[in-house]
Structures are given as structure tokens and as C-alpha cells.
Amino acid sequence: MPTNDKPVNSQENPSFLDLIDQTPPPPDLELDGKHGTRRLARLRAAWKESWQEGGFLYQRWEEVFQARHAGWYEVANWIKAAALVGGLSLIVILVDAAGDIAAAALKGLSATATGAGDGSGLWGTVDHPVRLFLADQAAHLAVAPAALYAFWQLTGLLGLVGGFFGNAGARIAWVMFGIGSLAMIWSAAPAGGRAAATGLAALMWALASIFALRGLTLRPIVHNHPPQYQFNPALHLHATIPAPTSAGDDLGPDNIHPLQR
């Protein structure tokens with residue numbers, strides 16, 4: 001059923017389907033008597049008519065243009081509905097993608113935690129001593145080596161991501177993660193390559209700290225705020241004005257009396 005939409009200027013204008021029905025058909029000479037050609041020509045004419053000033057599509061475009069500067073309550077209802085549907089669809093897509101990413105990350109983390117690690121390559125040079133140190137310490141603790149290694153990885157991941165977004169606690173965790181990793185590598189690395197493995201780990205940690213400590217500065221931040229109350233010194237002089245005397249107290253000729261002897 002065709003409906004009428006109210007534009008911003010509160011004037012009713014026909015919908016696009018109404019314009020198709022109300023548009024007069026083109027001359028038969030130009031259509032060669034074909035029904036499909038006649039309907040296509042009416043559709044083209046209705047399309048042009050709706051884009052003219054006051055037309056259906058013209059009003060919808062004006063509402064979209066005015067929505068950039070209007071508040072939520074002033075925006076057209078169809079724009080609100082489209083925004084809500086699009087926002088909900090985006091949230092569903094993000095949640096589904098986040099679930100897949102989290103599942104893949106946990107699967108990879110579990111596979112890495114349970115792997116042996118041969119210590120080959122740059123990452124293996126840093127990762128293998130950590131595995132050996134945690135495995136040696138786990139023998140004296142009531143926890144599996146894989147759990148310790150997974151916790152070590154999770155701490156580094158959370159510190160890196162949280163530090164990138166400026167979280168102070170995550171940055172502290174990232175600094176402690178780096179110091180602890182360097183200590184474990186120095187303790188468990190072979191004696192001949194201990195310095196090289198620790199130095200390589202320090203360089204990797206420093207490069208990753210570019211992202212984890214993004215925006216951190218050692219310069220003191222000085223806030224110059226104007227004083228809340230301003231003191232304006234002023235000198236106030238208080239002078240006493242004598243009260244005027246009454247008319248009877250004046251010393252005039254009538255008030256002079258001779259002295260009595």
C-alpha cells in the first residue's frame with residue numbers, strides 16, 4: 001500500500017510508487033505500442049520527477065543532508081531505523097569475528113604451550129630458555145609447565161595490547177613481564193650464548209615497547225591554571241563628615257545678648 005512521507009518542512013508529498021501511478025503515460029507514438037516500453041518510460045519519468053524540488057527522493061536526500069547537523073530527536077525516523085539496523089548488524093558481525101579470533105588465538109596458544117620448542121631461529125633463541133626455566137621451576141610447584149608458559153604468554157599479550165591503549169596497569173605489567181623474561185633467559189640460556197640471548201631478548205622487548213609504551217613521556221607535565229580567586233588590592237579612606245548645626249545654634253545678631261553685671 002503506498003504511503004505518504006512527511007519531509008522536514010511538514011509538507012506531505014507522494015511516495016515513489018504514487019509518482020509512478022500519477023505520472024502520465026508518454027505518447028504512444030514513442031512507445032511503438034509495447035506495454036513493457038510504456039512501463040519503463042513511466043518509471044523513468046517518475047524517477048526524474050522524484051528528484052525535482054519537492055519530490056520524494058529529493059526530500060529524502062535533504063533529510064540525509066540535514067541529519068549531519070541535527071540532533072538525534074530531529075533526524076528523520078527512517079534514518080534512525082537504518083542506523084539502528086546497521087549498528088546491530090555491525091555488532092553481530094564484530095562479535096562473531098571476535099569469537100573466531102579468540103578461538104584461533106586460544107588454540108594457537110595451547111599448541112604453543114604444549115610444544116617442545118627446539119630453540120632454533122631468533123624467536124627460539126629467546127623462547128627456548130624461558131620454556132626450560134619454567135619447566136625446571138614447575139618441578140618444584142604444583143602446576144604444570146604448560147600452564148606457567150601459557151600464563152607468561154598471556155601476561156605479555158595483555159600488557160602489550162593494554163599498554164597500546166594507554167592503560168597504566170597494563171604498562172606496569174609489560175615492564176614486569178620484560179624484566180622477568182630477561183631474568184629467566186639469563187638464568188636458563190647456555191653459558192656460551194647467555195649474553196647474546198639476553199641482549200637479543202632485550203632488543204625484542206624494546207621494539208615491542210614502542211607499541212606498548214606509546215605516548216609515554218618522561219617530561220614533567222606542568223598545568224598552568226589561572227587562580228580561582230584574584231586578589232585586587234585597594235586603598236579605602238574613611239572620612240567623618242561633621243553633622244550640620246541647627247538654625248537655632250547659629251551665632252547671628254539676634255543671638256547676641258549683653259553681659260549682665
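**Close-up 1. G163 and its contacts.** Leaving out neighbours within four places in sequence, G163 is in contact with L158, A170, R171, F211 and A212, where contact means heavy atoms within 4.5 Å. This is a predicted model, in which local features need pLDDT of at least 70, side-chain atom pairs count only at pLDDT 80 or more, and totals for chains, interfaces and linings use all residues. Residues are numbered from 1 along each chain as its sequence is written, and side-chain values use heavy atoms, with hydrogens and water left out. G163 itself sits in helix α7; helices (H or I, at least four residues) and strands (E, at least two) are DSSP runs, numbered from the N terminus. With a relative accessibility of 0%, G163 counts as buried. Here buried means under 20% relative accessible area, exposed means over 50%, and partly exposed is in between (1.4 Å probe, protein chains only). Now look at F211: along the chain, G163 and F211 are 48 residues apart, yet their C-alpha atoms are separated by 7.4 Å.

Close-up 2. L154, L157, L158, V161, F164, F165, L207, I210 and F211 make up a nonpolar surface patch of about 920 Å². Patches are built from residues with over 30% relative accessible area and no salt bridge; like charges are joined within 9 Å, and nonpolar side chains (Val, Leu, Ile, Met, Phe, Trp, Tyr) within 5 Å. The accessible areas come from the Shrake-Rupley method with a 1.4 Å probe, and for residues only the protein chains shown count as cover. Two helices, α7 (145–164) and α9 (194–212), each supply at least two of the patch residues. The largest share, five residues, comes from α7.

Close-up 3. The side chains of E63 and R60 meet in a salt bridge, at 3.0 Å from N to O. The rule for a salt bridge is a side-chain nitrogen of Lys or Arg within 4 Å of a carboxyl oxygen of Asp or Glu. By this rule the count comes to two salt bridges, and the other one has its own view below. Why do opposite charges pair up like this? Side chains of opposite charge can pair when their charged atoms come close. E63 and R60 are three residues apart in helix α4 (residues 56–67), so about one helical turn separates them. Both E63 and R60 are buried.

**Close-up 4. The buried side of α4.** F56, L57, Q59, R60 and E63 are the buried residues to look for in α4. They cover an arc of only 160 degrees around the axis, so they lie on the same side of α4; the arc is that of the directions from the helix axis to the C-beta atoms. As for length, the 12 residues of α4 should span 16 Å at 1.5 Å a residue, and the end C-alpha atoms are 17 Å apart, which agrees. The expected span is 1.5 Å times one less than the number of residues.

Close-up 5. D127 and R131 form a salt bridge, with their closest N and O atoms 2.6 Å apart. Both lie in helix α6 (residues 121–138), four residues apart, which is about one turn of the helix. D127 and R131 are both buried, and for D127 the relative accessible area is 5%. Not counting residues up to four places away in sequence, D127 touches Y149 and W152.

Close-up 6. Helix α8 (residues 168–188) has 21 residues and reaches 30 Å from its first C-alpha to its last, close to the 30 Å expected at 1.5 Å a residue. Buried in α8 are A170, R171, W174, F177, G178, S181, L182, M184 and I185. These cover an arc of only 165 degrees around the axis, which puts them on the same side of α8. On the other side of α8, A168, I172 and M176 are exposed. What covers the buried residues of α8? The cover includes α6, α7 and α9.

**Stepping back. The whole protein.** Zoom out and you have nine helices and zero strands. Of the protein's 261 residues, 21% count as buried. The accessible surface of the protein comes to about 20100 Å², and 65% of that belongs to carbon and sulfur atoms.
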